[in-house]
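Please read them with the structure open.

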Amino acid sequence: MDKDRVETGLASWPLLDNKAAVHIVDFANLQESCIQKNRITAITDGWHEGAVAAVLRGGVNARAVLDVLAASGVRHIKIFHLEERLPQLEEVFLSSVVAPANALFDSVSVMWRRDASVSELIRAIGSEYAMLFFGAPLAFSEIQPLYQAVKEHYAGSVTIVRGPDDTVHFDESDEIYRWVRQRTFDAGDFSLPAVLRGYKQKLNKKVAVLLPSLNEERTVGNVIKTALEVKAAGLIDEVILVDSASTDNTVALAKSYGIPVYVHPEIRPELGSYRGKGEAMFKSAFVTDADILAWVDTDIESITPRFFYGLLGPMFTNPAIRFSKGYFARPVKVETSGIELGGGRVTEILARPWINAFMPHLSGFIQPLAGTVAIYRDELLNMRIPVNYGVEMAMLLQVVEQAGLWATCQVNLGTVVHRSKDVVGLSEMAFQILQVLAEMGRGSGDGHSCNTLRRVYSAQRQFEIGSKRFDVIWREYGEND
Ligand SMILES: O=c1ccn([C@@H]2O[C@H](COP(=O)(O)OP(=O)(O)O[C@H]3O[C@H](CO)[C@@H](O)[C@H](O)[C@H]3O)[C@@H](O)[C@H]2O)c(=O)[nH]1
Ligand SMILES: O=C(O)[C@H](O)COP(=O)(O)O
């Protein structure tokens, strides 16, 4: 270890845990003979205390950047990656960088970017970091030019890392990342009506939009109007309101738009009736013979056509997708208290931790509780539907069991501003979801849970996936205490 410090003269570099055989070289002394085939070489202009980021494409050298950082004692890492046009190259990034990073660091944040070039990326992010790490380019002669190019836009410390010359077999096991990359869409991807109509015609499936409502007179009219606009564009065949016995003007208002309106206790009354959103969704299957059923909540104040065509777009364009779930930004103003906060409280405090602990294969879903979903009828008919707010989790779990994760997707629909419940209402909702999860036999205390909490963020068509490890450490008093 000390040998490295003496060799480089970079006295400030942290003491290396040198199992990874890292060799540090000062840019000022760089010669081709410094690069040793069987070791990792980090060429640097010095260690600076402060935030560290790596700009990585993938492959042996990108992988070696991770080893250098881990050997230098870095525990939390931010990785920037310019999205590749070739899917095979994205695979290389996922397997050579993302998967090992999760094993090496306590927390990892991966940001997918669409900047036009590395220089543009560095200009955008550089000021936030004291050190930037890069994988080395192919040939030795390209290392200095890369260094000069970075330095033009960046004042901090630069380190370029070259891996050993072996062929590395990458870990390709991280399905979640791959799924997030390939099954997360933006409504904007489907915004050409004529093109989408062409896909729908080719698919040749009947599509019903079902609008569940319980006392939504303030917002339901606008939701119906917007759904009808998308119907007029030829992307939806039916718009139907399924009401849960509202006591306000919701039903009359809906009828004034000329759409079919059902009150759910009156649908197939011989089956009995229960209160709850799940019951309204269950009964929906009896009022349409459509092949694809899509539900959109009627309390959304910020509704736009994107909610409808965005949700359906992936299913129209890829027949292998059997289930589509919306996700959105969620600013919240709680009506009773007027308090403004970050939304998705049940999601963040119950659903996401539960999913990560007990069903990590679903951890890529940004809004697992979102009620704006679309599904093929034949998948739905094979499911058990809980009548209450457990319905979204129950549907998600079952569709993944039935059709597989890759038959599901998520779509960014925009921003949801809706009537938000107070903490008591959310507690009741959380209880219902917990009951359903427990009854479905997940996380019932078999002693196994996953120790990584993942969170996927998406903003302006760029992704960030954060994972943080929490080890459960039990301490016991010994006999002599
Ligand atoms: O018995 C009911 C209760 C609600 N709704 C309607 O269902 C939608 C969503 O209900 P809401 O009470 O506003 O749910 P949120 O508090 O927003 O809960 C979120 O999380 C729930 C649990 O995952 C999902 O079911 C919701 O769709 C999702 O918006 C609204 O259009 C309601 O009018 C009914 O049709 N019947
Ligand atoms: O999805 C959720 O977590 C619940 O619907 C609560 O959402 P809110 O915190 O945005 O009201």
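How many of the 7 residues of strand β13 (residues 323-329) are buried?

1. Strand β13. In this predicted model, 6 of the 7 residues of β13 are buried, and the strand is mostly covered. On one count of pairing, β13 meets strand β16 (residues 373-376) in the antiparallel sense over 3 bridges. Within β16, I375 is the residue that stands opposite F323. With strand β17 (residues 408-415), β13 runs parallel, and 7 bridges join the two. Y327 has N412 of β17 as its bridge partner.

2. Residue L413. This residue belongs to strand β17. Is L413 buried or exposed? L413 is buried, because 28 other C-beta atoms lie within 10 Å, and the cut-off for a buried residue is 20 or more. Leaving aside neighbours within four places in sequence, L413 is in contact with G326, Y327 and F328, among others. Its contacts also include A187, R306, F307, G310, L311 and T372. E379 is 34 residues from L413 along the chain, and their C-alpha atoms are separated by 23 Å.

3. Overall make-up. The protein has 15 helices and 19 strands. Its C-alpha atoms fill a box of roughly 85 × 70 × 40 Å along the principal axes. Of the 481 residues, 42% are buried. Counting contacts between residues at least 6 apart in sequence, 74% join residues at least 24 apart.

4. Domains. The domain assignment gives domain 1 (2-172) and domain 2 (180-467). Taken over C-alpha atoms, the centres of domain 1 and domain 2 are separated by 41 Å. Where they meet, domain 1 puts 10 residues into the contact and domain 2 puts in 9 residues. On the side of domain 1 that touches domain 2, α3 (87-104) and β5 (107-113) each supply at least two residues. The largest share of that side, 7 residues, is from β5. Sorted by class, the side of domain 1 that touches domain 2 has 4 nonpolar, 3 polar and 3 charged residues.

5. Nonpolar core. Which residues have the most contacts inside the largest nonpolar core? They are V65, V209, A227, A294, F308 and L312, in a core of 126 residues. Helix α2 (residues 60-71) gives the largest share of this core, 9 residues. The core lies between domain 1 (2-172) and domain 2 (180-467), because both give residues to it. As background, nonpolar side chains tend to be buried together in soluble globular proteins. F308 is in contact with V209 and A227, as well as V230, L235, I236 and V296, leaving aside neighbours within four places in sequence.

6. Residue I77. Strand β4 (residues 76-82) contains I77. I77 is buried, because it has 21 other C-beta atoms within 10 Å, and 20 or more are needed for that label. Not counting residues up to four places away in sequence, I77 touches A54, L69, A101, F105 and V108. One of these, F105, is 28 residues from I77 along the chain, and the C-alpha atoms of the two are separated by 7.0 Å.

7. Helix α6. This helix (residues 175-183) is mostly covered, with 7 of its 9 residues buried. Which residues of α6 are buried? They are I176, Y177, R178, W179, V180, R181 and R183.

8. Ligand 1. The shell around ligand 1 is made of 20 residues, the closest being P212, S244, L369, G371 and E392. At least two residues of this shell come from each of β9 (207-213), α10 (277-284) and α14 (391-403). By class, the shell around ligand 1 has 7 nonpolar, 6 polar and 7 charged residues.

9. Ligand 2. Around ligand 2 there are 11 residues, of which G343, R345, V346, T347 and S420 come nearest. Which helix gives the most to the shell around ligand 2? Helix α12 (residues 345-358) does, with 3 residues. The shell around ligand 2 has 4 nonpolar, 4 polar and 3 charged residues by class.

Technical notes
Residues are numbered from 1 along each chain as its sequence is written. Chains are lettered from A and ligands numbered from 1 in the order in which they are written. This is a predicted model: local features need pLDDT of at least 70, side-chain atom pairs count only at pLDDT 80 or more; totals for chains, interfaces and linings use all residues. A residue is near a molecule or strand if its C-beta atom, placed from the backbone, lies within 6 Å of it. Helices (H or I, at least four residues) and strands (E, at least two) are DSSP runs, numbered from the N terminus. Ala, Val, Leu, Ile, Met, Phe, Trp, Tyr, Cys and Pro count as nonpolar, Asp, Glu, Lys and Arg as charged, and the others, Gly among them, as polar. Domain bounds come from an automatic or database domain assignment. Two residues are in contact if their C-beta atoms, placed from the backbone, lie within 7 Å. A residue is buried if 20 or more other C-beta atoms lie within 10 Å of its own, exposed if 12 or fewer, and partly exposed in between; C-beta atoms are placed from the backbone. Two strands pair if DSSP finds at least two bridges between them. A nonpolar core is a set of buried Ala, Val, Leu, Ile, Met, Phe, Trp, Tyr and Cys residues joined through C-beta atoms within 7 Å.
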